[in-house]
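Reader: I would like to go through this model feature by feature. Please give the general idea each time, then the case at hand.

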Amino acid sequence: MIEERHLDFLSNIVGKENIKSDKAHLIAYCYDATKSRFEPDAVLFPKNEQEISEILKYCNEYEIVIVPRGAGSGFTGGSLPANGGIVLSLERHMDKLLEIDMENMVGVVQPGLINMDFQKAVEAVGLFYPPDPASENYSTLGGNVSENAGGMRAAKYGITKDYVMALRAVLPNGEIIKAGKKTIKDVAGYNTAGILIASEGTLAVITEITLKLIPKPRHKKTYMGIFPSVENAMNAVFKSLAKGANPVAMEFLDSLVIKALRDKLNVDLPESAGAILIGDVDGNLEDEVTFQLNTLKESFEENGSSDFIIAQNEEEGNKLWFARRNASPAVTIYGTKKLNEDISVPRSKLPEALASIYAIGEKYGFQVPCFGHAGDGNIHVNVMVKDKDNEKEMEDGHKAIEEIFQLVVDMGGTLSGEHGIGTSKAPFMSIAFNDAEMELFRSIKKAFDPKNILNPNKMGL
């Protein structure tokens, strides 16, 4: 527990209304999407960068743990106070859109701004911010940067790191740094902004983000391809891209997901479908969109597609997207516990990876519905445990996950495409990184945070 004198000092920095240690607040800030729970000793709501600087300087002096937090929507425990201490919550006051610079096509935001609110603001002036994580309606941009969030549009437009031009941040000792510039080119010094992206709040507290914007495409259409098998669909993914297709998104549902959507949500999908690919194409010219759709249709048919559907308006497009957006809740019909991971492999390895993942599921007696961002090789794997209270089943489930991690790393893939490492994937870091690489990570952490006060013991460090 933190001594009362420390809470009194911090209260003088933020004001009594912005420091909470009552049970209700401790419970409200003790969990994220992992459903794991770790109560902090207190929650602080700083109003500005200077207050964050003063908080960190004091906590560094007395070695008080600080855990930065946005919306708490993460899937790996990155914002959980697993070692107690103080949650530094940025969503209450530091949620402003500071600037839309039309001439340089950048947006400047505070870390607590909601992703979708930013998207709407820039689209209102004809610009476009592509990163669209599934949590876009409630996740914060600071959290997106800290986890390097992806999204469905990553196939064409990339992920958060591709849009971060500059950051302001406070180091654990309270010093304020600027990393990056508004300029397109900048090769002076180390890429400090790049180091802070995906650092999960372990190195510094981000206080301001400068994001690249692009013109909003004038035309967009949604498509769906129906396939007899997963192998057909996965072959269609990388072969259509190799032929020149450049879809905004190419999302994948396997037969187990399709069945779950039919049974649980009454979604009208073909009963015989072995796999489905859903996505958008866009462009500034209608001919460009037509070319993309024709390229996809031709390639899909060459790889066994039985049907290729094009939505004729936004309403039809939303109906097609409904299946993908509800894949995660639908698959809960297969068990009481979902061990879900977001592995990523080179696109050409998708058919082999999924066949091997299903084989691991069969080995342990689990159904493993899969869906996700096939256009960039990022698949959400769901090992479904029928009885979460059965210790043997849970143990086997975690063994299956470990085997899947080893499989994808051996294929040149990664433990996490967009959810980060946090606490839940920390035990598996040794699968992906050797001793020298892990020691380098620890050295970077020590250089930024020698007293280890900032979100300690995350990411396997």
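This is a predicted model: local features need pLDDT of at least 70, side-chain atom pairs count only at pLDDT 80 or more; totals for chains, interfaces and linings use all residues.

Reader: Which domains does the domain assignment give?

Author: Domain bounds come from an automatic or database domain assignment. Here they are domain 1 (4–89), domain 2 (97–215), domain 3 (217–329) and domain 4 (334–421 + 428–448). Domain 1 and domain 3 have their C-alpha centres 43 Å apart.

Reader: Which residues does the UniProt annotation cover?

Author: UniProt positions are given in the numbering used here, feature names are shortened, and annotations may be inferred rather than shown by experiment. According to the unreviewed UniProt entry, "domain: FAD-binding PCMH-type" covers residues 36–216. That span is 22% helix and 24% strand, and its end C-alpha atoms lie 39 Å apart. Helices (H or I, at least four residues) and strands (E, at least two) are DSSP runs, numbered from the N terminus.

Reader: How many aromatic pairs does the structure hold?

Author: A pair of aromatic rings is described by the distance of the centres and the angle of the planes. Rings of Phe, Tyr and Trp (its six-membered ring) pair if their centres lie within 6.5 Å; planes under 30 degrees apart count as stacked, over 60 as edge-to-face and the rest as tilted. The structure holds 12 aromatic pairs. One of them is Phe118 with Tyr129, edge-to-face at 5.2 Å centre to centre and 65° between the planes. Phe118 belongs to helix α4 (residues 115–123) and Tyr129 to the loop between β7 (127–128) and α5 (141–147), so the pair ties together parts 11 residues apart in sequence. Phe118 is buried, at 0% relative accessible area, and Tyr129 is buried at 1%. Buried means under 20% relative accessible area, exposed over 50%, partly exposed in between (1.4 Å probe, protein chains only).

Author: For Tyr223 and Phe300, the ring centres are 6.0 Å apart and the planes at 70°, so this pair is edge-to-face. Tyr223 lies in strand β12 (residues 219–227) and Phe300 in helix α10 (residues 286–302), so parts 77 residues apart in sequence are tied together. Both Tyr223 and Phe300 are buried. Tyr223, Phe227, Phe300 and Phe308 form one aromatic cluster.

Reader: Over which ring does the charged end of Lys212 sit?

Author: A charge sits over a ring if NZ of Lys or CZ of Arg is within 6 Å of the ring centre and within 35 degrees of the ring normal. The charged end of Lys212 is over the ring of Tyr163, 5.2 Å from its centre. Likewise, the charged end of Arg92 is over the ring of Phe45, 3.7 Å from its centre.

Reader: Where is Tyr163 found?

Author: Tyr163 is in the loop between α6 (154–157) and β8 (164–170). At 4% relative accessibility, Tyr163 is buried. Contact means heavy atoms within 4.5 Å. Beyond four places in sequence, Tyr163 touches residues including Tyr129, Tyr157, Leu211 and Lys212.

Reader: Is Lys425 buried or exposed?

Author: Lys425 counts as buried, at 1% relative accessibility. Lys425 is in the loop between α14 (391–410) and α15 (429–432). Beyond four places in sequence, its contacts include Glu341 and Asp342.

Reader: What does the count of disulfides come to?

Author: A disulfide is a pair of cysteine sulfur atoms within 2.5 Å. By this rule the count is zero. Cys30 is buried at 2% relative accessibility, and Cys370 is buried at 0%.

Key:
Residues are numbered from 1 along each chain as its sequence is written. Side-chain values use heavy atoms; hydrogens and water are left out.
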